Amino acid sequence: MAATETTTTDYDVIIIGAGVAGIYQLYKLKDSGLSVRVLEAGSNVGGTWYWNRYPLARFDSESYSYGYFFSREVLDEWEWSEHFAGQPETERYLNFVVDKFGLRDDFQFNTRVTSAVFDEDRGRWVLTAGDGATCTARYVISATGLLSAPFFPDIPGRESFKGEAHHTGLWPKEPVSFAGKKVAMIGTGASAVQLLPGIVDDVGSITVYQRTPNWCAPLNNGLITPEEQEEIRAGYEELERLCRNTFAGFAHADGTRGTFEDTKEQRWAFYESLWTKRGFAKLFSNYNDILVDPRANAEFCEYLAHKIRERVTDPATAEKLIPTDHGYGMKRPPMESGYYEAYNRPNCTLVDLHETPIERITETGIVTSAGEEQFDLIIWATGFDAVTGALTRMGVEGRGGERLADFWADGPRTYLGVSIPRFPNFAFVGGPHFPFANVPRGVDPQVDFVTDLVVHAARNGYTFEPDDEAEEAWTQHVLESSAPFLVADTSWFRGANIPGKADRFMLYTGGLVVYTNRLNDVTANGYEGFTLRDAGAPATATAG
Ligand code: N01
């Protein structure tokens, strides 16, 4: 698909995206006998772990629960150095997997898909890249990621800034120097919370522009000791069982008690024990009503607010860092390592944008209602057009020229979180209605399902497309499943961080086990909910 090629290249399957999901998808199709190509906008594999290379970017899932489970050899050969690996190590890991399984030649890098149009006459998807080159495929699997379409707020003058500016999700490969610089950071989501402690020692000064604080709790990272390494290796089967059988696929058992089964003293003792546990234990091993009962949630928030006040020296700053508009887990809660202590440093200032809103960006800095501050570097930690953004920005058009962006104008509708009516032979993994889960553990059942579906269709010469009724019923089920959960009005879970985006919950909260079983049942029942049409000659698939 190089710009200089004059002929179009045709494949059985094109996968878009070379992140965690795209790599696994390629691995699964590698020996199917189908011709498969992966198109990737970046210059290498990694996806999230390629683009988000800001200082201290790292897992919030335990490394060993995030890595692939499909190969015992990979588990045996790869050794994570930290309980929550940093971006460089994860990028190395993904490259290791790609090379180990001989996958590299099937990727085509520096190829950003700008349109994907279904040609009904030919029964082929026609994909066009940014440089105008095209290729075709009978089946397309988009693995473009939940959080990969960077969002820049529409602040007047943003483009006029003449200093350095970086978005956390488009961080440069070349090292960024912070030494002595006057830095501004806009946004206080999970990316900013990881980044701030990583640069606060180096910068001359940093001003954090906060619109809404988040509930952050300690990640409790650490190096994996040789003894722990042995325990991890010996416990892989148990770990996999845990991840496959918990609500969200993390290395933490689900909570079993209700908040008000305990006295206040017992609760705070329990919160203290959670505080010292790793990662998302604070969310998933907490009392089992924290995400559904506002009173239960408020109890934990009272504890967290107390912790913030303990850690932040200046009481006024501490109060600004305590959320008042949402409870714990109602937005995706960041995990932190020294975030609150950063505000105790004399070179770190917090600006509350509710008090002094940003008015515009100038060539040299940021103007709020309190006046102008000049900066050498602005960091845009302003997040992503989450879940649907990568897909709706890609120019996908199905039967009759129907645009995916229009199809989802009122919020995403899918069948099983992997397909949509009127977009035949098009599947996605890591898109809307993705299970609310540790990402690779949610990816596993999706990729397994899509692989079987695509190979089955290819081998039999079928075109697959879900039925309207199946899509409507599934979408309804997704929305009903989310109804009991407390979700902030401003959460990206419901598209609310993007001005003008439809307000509709976009993930599946029925639980990973229920989701996996549903996919398995649909496969076992001959793809109920899909119409499989005879489309002529089968492709040369050998498996499935
Ligand atoms: O983005 P965010 P993120 N003026 O959307 C602010 C995953 N992740 O990149 O809250 C001023 O959370 C916005 O303010 P508000 C994780 O799932 C994972 O940090 O809308 N500010 C917010 O503070 C996470 O949830 C990991 O009021 C503006 C910030 O920008 C997701 O990625 C690490 C603004 C955006 O926060 C996204 O996290 C990092 C404006 N006009 C991220 N517009 C790991 O697990 C927006 N903001 C490793």
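pLDDT is the predictor's confidence in each residue, from 0 to 100. This is a predicted model, in which local features need pLDDT of at least 70 and side-chain atom pairs count only at pLDDT 80 or more, while totals for chains, interfaces and linings use all residues. Residues are numbered from 1 along each chain as its sequence is written, and side-chain values use heavy atoms, without hydrogens and water.

**View 1. Confidence along the protein chain.** Mean pLDDT is 96. A value of 70 or more is reached by 97% of residues. Residues 2-7 fall below 50. Beyond near neighbours in sequence, this stretch has four contacts (heavy atoms within 4.5 Å) in the model.

**View 2. Domain 1 against domain 3.** Bounds come from an automatic or database domain assignment. Domain 1 covers 11-43 + 109-149 + 386-534, and domain 3 covers 246-311. Their C-alpha centres lie 34 Å apart. Each side brings 12 residues to the contact. About 910 Å² is buried between the two domains, 71% of it on carbon and sulfur atoms. Buried area is the accessible area (1.4 Å probe) lost when two parts are put together, summed over both.

**View 3. The second largest pocket.** A pocket is an open set of points on a 1 Å grid over the protein atoms alone, where a 1.4 Å probe fits, with protein on both sides within 12 Å along at least five of seven lines. This one holds about 270 Å³ of space, the volume filled by probe spheres set on the points. Lining residues (an atom within 4 Å of a point) include Glu62, His83, Glu228 and Arg278. Helix α7 (residues 226-234; a DSSP run of H or I, at least four residues) gives the most, three residues.

How values were computed. Helix = DSSP H or I, 4+ residues; strand = E, 2+ residues; numbered from the N terminus.
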